[in-house]
Amino acid sequence: MTVGIGLIGAGGMGRAHVDRIENELAGGKIVAVADINIDGAKAVAEPLGAAAYGSGSELIADPNVDAVLVATFGKVHAPDIIAAIEAGKYVLSEKPLATTPEDCKAIMDAEQKVGKKVVTVGFMRRFDRGYNEMRDVLRGGELGYATLVHCRHRNPSVPENYTTRNMIDDTAIHEIDTCRYLLDEEIVSVRVDTPRSTSHRFDHLHDPLVLVAKTESGVLIDDEVNVNIQFGYSIECELVMESGTTRLSDQNRSVVRDAAGDRHRICTDHNDRFHDAFNQEVQQWIRAVERGEHTGSSSWDGYAATCVVDAGLESLENGGKEVAVDMIEKPAFYA
Ligand code: ISE
């Protein structure tokens with residue numbers, strides 16, 4: 001079976017997914033594209049012979065669409081995701097699942113009503129080989145339990161419309177999910193520190209920020225979010241256990257040595273650094289849709305990350321005070 005995929009949102013992330021589905025992955029085909037800018041939808045759809053729509057609801061109603069890939073802005077995700085759930089279609093939603101805990105809860109309610117998990121959230125780092133090897137080391141138990149996680153999330157630069165809040169809801173949200181995944185527990189409190197800012201930022205930004213979070217068992221996470229670092233896209237993570245550590249290495253495995261020293265290529269952006277993880281994520285989703293199964297992170301993971309983001313934003317607006325994460329009890333449905 002070829003899974004007919006409908007893409008909602010023809011921006012950069014949506015087009016990157018189209019490219020991988022059409023040129024790198026197996027089992028799926030883009031059959032429809034929707035965007036509020038219908039010309040943008042047509043520009044992606046027409047070369048593929050796919051249908052173009054001006055709204056998500058028209059795309060979801062298209063009988064050729066078996067599954068829906070949502071790549072619009074987070075704050076408009078919820079109505080399309082809920083409509084797709086009610087139409088009985090599997091969904092892969094780019095992160096964040098939604099921008100408020102209330103919208104995430106509405107998605108979870110709709111999913112529980114149809115009685116099966118159909119929503120995957122695009123936290124692609126869960127498919128990155130390095131993070132999975134780190135997770136295996138912790139789970140293996142030989143180095144004891146985790147005590148600390150040190151994370152660094154560095155982007156070369158950001159556009160002028162990117163805000164300080166985006167450093168948490170758009171950027172640090174990846175470490176929030178990754179640490180929940182690595183440690184297999186929830187984050188219970190967050191504080192955001194605002195060190196001296198770099199001169200490379202736009203004036204309205206506080207850059208860098210450091211998010212400090214604690215988990216249920218007391219593991220302390222520090223996440224440097226630094227979005228104008230200039231030299232490239234650099235993601236680091238070290239997990240400290242009782243008698244050893246494990247850390248992410250760069251995706252590049254070879255080093256050039258010459259008279260200038262040892263060096264390897266630095267990644268340029270998230271599509272470059274997480275190319276393989278994105279491909280794994282979307283490929284596994286297509287295969288799972290074929291089998292009628294759920295894969296990857298669930299709506300609960302999307303909800304939990306959004307609750308942690310909310311606490312981080314509250315801390316940011318209140319001088320870096322520690323804020324407890326406010327979350328409902330996990331429904332048995334997501335156990
Ligand atoms: C972007 O939306 C992403 O998801 C990238 O992974 C992240 O590095 C970047 O900071 C975000 O703006």
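The chat below goes through a predicted model of one protein chain, from its overall form down to single residues.

Trainee: How many helices and strands does the protein chain have?
Mentor: The secondary structure of this chain comes to 10 helices and 15 strands.

Trainee: And what is the radius of gyration of the protein chain, next to that of a compact globule?
Mentor: The protein chain has a radius of gyration of 20 Å, which agrees with the value near 20 Å that a compact globule of 335 residues would have. Along its principal axes, the C-alpha trace spans about 55 × 55 × 45 Å.

Trainee: What share of the residues count as buried?
Mentor: Of the 335 residues, 52% count as buried. The accessible surface comes to about 15,100 Å², and carbon and sulfur atoms account for 48% of that area.

Trainee: What about contacts, how much comes from residues 24 or more positions apart?
Mentor: If you take the contacts in the protein chain with a separation of 6 or more, residues 24 or more positions apart account for 72% of them.

Trainee: Switching to charges, how many positive and negative side chains are there?
Mentor: There are 34 positive and 54 negative side chains, and the centres of the two sets lie 2 Å apart.

Trainee: Which residues of helix 1 are buried?
Mentor: The buried residues of helix 1 are Met-13, Gly-14, Ala-16, His-17, Val-18, Arg-20 and Ile-21. When you read such a list, keep in mind that an α-helix has 3.6 residues a turn, so residues three or four places apart point the same way.

Trainee: Which residues is Val-44 in contact with, leaving aside its neighbours within four places in sequence?
Mentor: Val-44, which is found in helix 2 (residues 38–45), is in contact with Ala-10, Arg-15, Val-18 and Val-33 once those neighbours are left aside. Val-44 counts as buried because its relative accessibility is 12%, under the 20% cut-off. Val-44 and Thr-100 are 56 residues apart in sequence, and their C-alpha atoms are 30 Å apart in space.

Trainee: Now the backbone: which peptide bonds are cis?
Mentor: Among them are the bond from Lys-95 to Pro-96, with omega near -5°, and the bond from Asp-207 to Pro-208, with omega near 5°. Pro-96 is found in the loop between strand 5 (90–94) and helix 5, whereas Pro-208 is found in the loop between strand 8 (187–193) and strand 9 (209–215).

Trainee: And what is phi of Asp-184 and of Gln-230?
Mentor: Phi of Asp-184 is near 60°, and phi of Gln-230 is near 75°. Both are worth checking by eye, since most residues other than glycine have a negative phi.

Trainee: Are those two buried or exposed?
Mentor: Asp-184, in the loop between helix 7 (166–183) and strand 8, is exposed, with a relative accessible area of 53%. Gln-230, in the loop between strand 10 (220–226) and strand 11 (234–241), is partly exposed, with a relative accessible area of 45%.

Methods. Residues are numbered from 1 along each chain as its sequence is written. This is a predicted model: local features need pLDDT of at least 70, side-chain atom pairs count only at pLDDT 80 or more; totals for chains, interfaces and linings use all residues. Side-chain values use heavy atoms; hydrogens and water are left out. Helices (H or I, at least four residues) and strands (E, at least two) are DSSP runs, numbered from the N terminus. The radius of gyration is taken over C-alpha atoms; the globule rule is 2.2 Å times the number of residues to the power 0.38. Buried means under 20% relative accessible area, exposed over 50%, partly exposed in between (1.4 Å probe, protein chains only). Contact means heavy atoms within 4.5 Å. Accessible areas come from the Shrake-Rupley method with a 1.4 Å probe; for residues, only the protein chains shown count as cover. Lys and Arg count as positive and Asp and Glu as negative; His and the chain ends are not counted. The place of a charge is taken as NZ of Lys, CZ of Arg, CG of Asp or CD of Glu.
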